[in-house]
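Morning, everyone. Let me put the model up, and then I'll walk through a few packing details.

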Amino acid sequence: MQLKNDLLLRAALGQPTERTPVWLMRQAGRILPEYRAVRARLSGFKELVETPELAAEVTIQPVDLLDVDAAIIFSDILVVPEAMGCTYEMVEKRGPLFPNTIKTAADVENVRVADPYEHLNYVLEAIKVTKRELNGRVPLIGFAGAPWTIFAYMVEGSGSKTFSKARKMLYEAPELSHQLLRKITDTTIAYLKAQVEAGANLIQIFDSWAGILPPAHYKEFSYRYISEICQALPDVPVTVFAKGAFFSLADFAKLDCQVIGLDWNMDIKNARATVGDTKTLQGNLDPCALYNSFEGVKRETIKMLDAFGPGRHIANLGHGVYPDTDPEKVKCFIQTVKEYSAR
């Protein structure tokens, strides 16, 4: 299907664009009253994720309401461990909770390499429905969590400030850790390939807990698996967003990916100098900048755009938009990117 707006894909591939494309991580979610209205009718978050027609509806909401240049499929990175047999609950105001965590070699043996068409078909169906409803208006982004981040949840059992249980396993049982990471990686590659087959135009890999590992461990237990995933996806652009992994930017420059996401703590000019001009950079406005006045939002957005320059940039926040952000401030950010970068 011919895209009416292909700015995101052209920017990802380093091709000329009339202006900088813009979208937001977590754009389909709690900032929108329309999302909350859909959610209120349901038993919880997981029902929304697992119902393709509803997932498609909330995926498209920010395209209609915020006028972003891409949709990102409404799902969660934790569908992967669940597909592998490690189920989770989404506890209101607390986050994900895994009743049974991975502790032993027997636990690792018991988790499966998931078949996306059997265990994750609801996501693939949501992508197909979304593509049909979008009708080529904007590209659709598919995604998955990086293996280390998925490992961290499966071993820790919930979110954590330290993920000390997961990190302990890397020290105490490195080979067992690699066995679990191998299964997660194999599942993730099959899953992302299936997303592309279903219609995803670009893939983003989220390594949410990259920054809690020391550099040597990051290279051994995360980067190598991300590299493998990138190499397995030659047909669409791939974005790698590793929050806090400033120490790996030079390594990211060698990945077989097209876009590197920057969090808001990463210096733009230093990142460009480290990565070079062969990859597109994405980001990286501080999400809290959207709490500013409208003039403040415009000022910070323009400062960011000037730092990135006109080429090889996809405008975004340096993390997901926070749920109590005023949607009008989000629109201000998006409109400022469009107007200022088109000059």
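Let me start with a definition: buried means under 20% relative accessible area, exposed over 50%, and partly exposed in between, with a 1.4 Å probe and protein chains only. By that rule Phe 163 is buried, because its relative accessibility is 0%. Phe 163 sits in the loop between H9 and H10. Its phi is near 50°, a positive value in a residue other than glycine.

Two housekeeping sentences. This is a predicted model, where local features need pLDDT of at least 70 and side-chain atom pairs count only at pLDDT 80 or more, while totals for chains, interfaces and linings use all residues. Residues are numbered from 1 along each chain as its sequence is written, and side-chain values use heavy atoms, with hydrogens and water left out.

Now the helices on either side of that loop. Helices (H or I, at least four residues) and strands (E, at least two) are DSSP runs, numbered from the N terminus. H9 covers residues 147-156 and H10 covers residues 164-172. They pack at about 105°, with axes 7 Å apart. So H9 is roughly perpendicular to H10. On the terms: under 35 degrees is roughly parallel, over 145 roughly antiparallel, 65 to 115 roughly perpendicular, and the rest oblique. Axes are lines fitted to C-alpha atoms, for helices over the stretch in contact, and angles run from 0 to 180 degrees between N-to-C directions.

Who touches whom? From H9, Trp 148, Phe 151, Ala 152, Val 155 and Glu 156 take part. They meet Ser 164, Lys 165, Ala 166, Arg 167, Met 169 and Leu 170 of H10. Contact here means heavy atoms within 4.5 Å.

Next, aromatics. The structure holds 13 aromatic pairs. Rings of Phe, Tyr and Trp (its six-membered ring) pair if their centres lie within 6.5 Å; planes under 30 degrees apart are stacked, over 60 edge-to-face, the rest tilted. Take Phe 143 and Phe 206. Their ring centres are 5.6 Å apart and the planes meet at 85°, so this pair is edge-to-face. Phe 143 is in strand E4 (residues 140-145) and Phe 206 in strand E5 (residues 202-207), so the pair ties together parts 63 residues apart in sequence. Both Phe 143 and Phe 206 are buried.

Centres are 6.3 Å apart and planes are at 35°, so the pair is tilted. Tyr 223 belongs to helix H12 (residues 215-231) and Phe 252 to helix H13 (residues 249-252), 29 residues apart. Tyr 223 is buried at 11% relative accessibility. Phe 252 is buried too, at 2%.

Phe 246 is in the loop between strand E6 (238-242) and H13. Phe 246 is exposed, with a relative accessible area of 59%.

Charges over rings, briefly. The rule: NZ of Lys or CZ of Arg within 6 Å of the ring centre and within 35 degrees of the ring normal. Lys 46 has its charged end over the ring of Tyr 88, 4.4 Å from the centre. Lys 329 sits over the ring of Phe 294, at 5.1 Å.

Last, the backbone. Gly 283 to Asn 284 is a cis peptide bond, omega near -15°. Asn 284 lies in strand E8 (residues 280-285). Arg 26 has a positive phi of about 65°, although it is not a glycine. Arg 26 is in the loop between helix H1 (7-12) and helix H2 (33-40), and is exposed at 53%.
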